[in-house]
Amino acid sequence: MMSKTPDRSEGEKGQILVLFALCLVVIMGFAAIVLDVGRLRLAEQDLWNALDSGSLAGAAMLPANAANADALARQYLDENFPGTTPVGNPAVSFRCLIGAVNGLPRLSDVPGTCDPGPLPATVPANAWTCNTSVCTAVCVPSTGDICNTIVLSGEVTVPYSFGRVVGINQASTGNVTSAACRGPCGSPPENPVDIVVVLDRTQSMNGVDTANARNAMQSVRTMLNPAYQWLGFSLLGPSRTVNGCPTTPATSLGSANVPGDLSRWVPLGLTGLTWQGRNPHVNQNFANSGSNMDNAIQCYSNSSVGTDLTDPMPQAAYELQTYGRPGVTKGIILMSDGQPNAAVSTPSNSNYCKQANDTATTVKSTTGIEVFTIAFGLDGSNDIDCPDGSGSTFRTKKASVLVASMATATSPAMPKVTSADLPCGDQENADKDHYFCVPKTAGASADLSDAFKAATAALVAGTKLVQLP
């Protein structure tokens, strides 16, 4: 009897099943790569977006309130990360971010922009990490450092679905970091702001003081970006043009009508690269040496007229409202070194402090213009009582009380009219309100530039994401 020849297909049935199982593993592996790795990349992008949202929210609280910045950054991170997977171990830290010159920190930005505390006396650059444009230093708010940058980081673990087939249950995005800064942030600021600076030049401003104020105004001019910010220059008292200098002191207070006397009280109107204002300036790039603004600052000098703190405020406000840009933040920075003793608006009224404060209050309440004030030398013999002869508001109060009160209130504690603000010095200028104080000592004076730059930085203090070196 003949034997039956084996059917080869029967023996191969098991092999096909094994090959199918192996191919299925490979297919599932590819699915894991395509789907699970795709989920990981999506989670990483979602995390990045949430971190950016958190750091921007936190930066908006700087430099005044680092504790709120920390809390707000974490809150926005949690609220903006989709799903229920928690962000693992989110960390918040702070930096001082300033400009760089030839790869070294531009220390003139400190403390006006931020202040990381004492640096090594011999080689201060050792404390900084720099690239070609910016430098950063670790900043610890709890020790009194003034920080303008917040750093927020975290990671997310993503559970895998198909990856389990090949033994991969989950994967991490790794640590993702976002940083955001408030203010100039080491480079010319890009937030549109219109600013008028009002400088004192009365008899009590001796030659050293005038040179100091001139340098402070120049620091504002070079700090701003004329492509985005417009800058105007006002003085007390009024000016006239002599030999091409628009800031030559007037021989008397004269009149202070708006708008008829505007050019006397704001001799150099708002200037910027996109300017369409009132004066036919030739050079709108006020950041350039030799610009109209630069020349006007250089020829600014002392005046023999009285101290009128009432009339410059509505003049500066009119300049900003009439010739400034709609929808743009507007601010006035006013510096005075003494108590008011004159006013054109109501010359028969001797309550000069009350009148100046009332005018500032009207400007702030009706225009929304932010007012910053700088008391120069009002920490000693110059800080004398207001001359007000009647009324209870400023009678027997110091001139520094008036200057503090004229500033925009940033908390219920401001304005103060019962006593001077914090003692003149670093503590006062670090409290992040709108009032600054700079002392005069032994015929000289402390540098006004830091206070002017701090006030300017507060006005242009938008927030933006930054790349740290």
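A polar atom of the Thr247 side chain lies 3.0 Å from the backbone oxygen of Ala296. This is a predicted model, in which local features need pLDDT of at least 70 and side-chain atom pairs count only at pLDDT 80 or more, while totals for chains, interfaces and linings use all residues. Residues are numbered from 1 along each chain as its sequence is written, and side-chain values use heavy atoms, with hydrogens and water left out.

**Thr247**
- Thr247 sits in strand β12 (strands are DSSP runs of E, at least two residues, numbered from the N terminus).
- Because its relative accessibility is 0%, Thr247 counts as buried (under 20% relative accessible area, 1.4 Å probe, protein chains only).
- Residues touched by Thr247 include Arg201, Phe233, Pro267 and Tyr300, leaving aside those up to four places away in sequence (contact means heavy atoms within 4.5 Å).

**Strands β11 and β12**
- Strand β12 covers residues 245-249, and five of its five residues are buried.
- Strand β11 (residues 239-242) runs antiparallel to β12 and is joined to it by three bridges (strands pair if DSSP finds at least two bridges between them).
- Arg240 has Thr248 of β12 as its bridge partner.
- Two residues separate β11 and β12 in a hairpin, and Asn243 in the turn has a positive phi of about 55 degrees.

**Helix α2**
- The buried residues of α2 are Ala66, Ala69, Ala73 and Leu77.
- Seen down the axis of α2, these buried residues fall within an arc of 65 degrees, so they line one face of the helix (the arc is that of the directions from the helix axis to the C-beta atoms).
- The face turned away from the buried side of α2 carries Ala67, Asp78 and Glu79, which are exposed (over 50% relative accessible area).

Definitions and conventions. Helix = DSSP H or I, 4+ residues; strand = E, 2+ residues; numbered from the N terminus. Polar contact = N/O pair within 3.5 Å; in protein donor to acceptor, adjacent residues only side chain to side chain.
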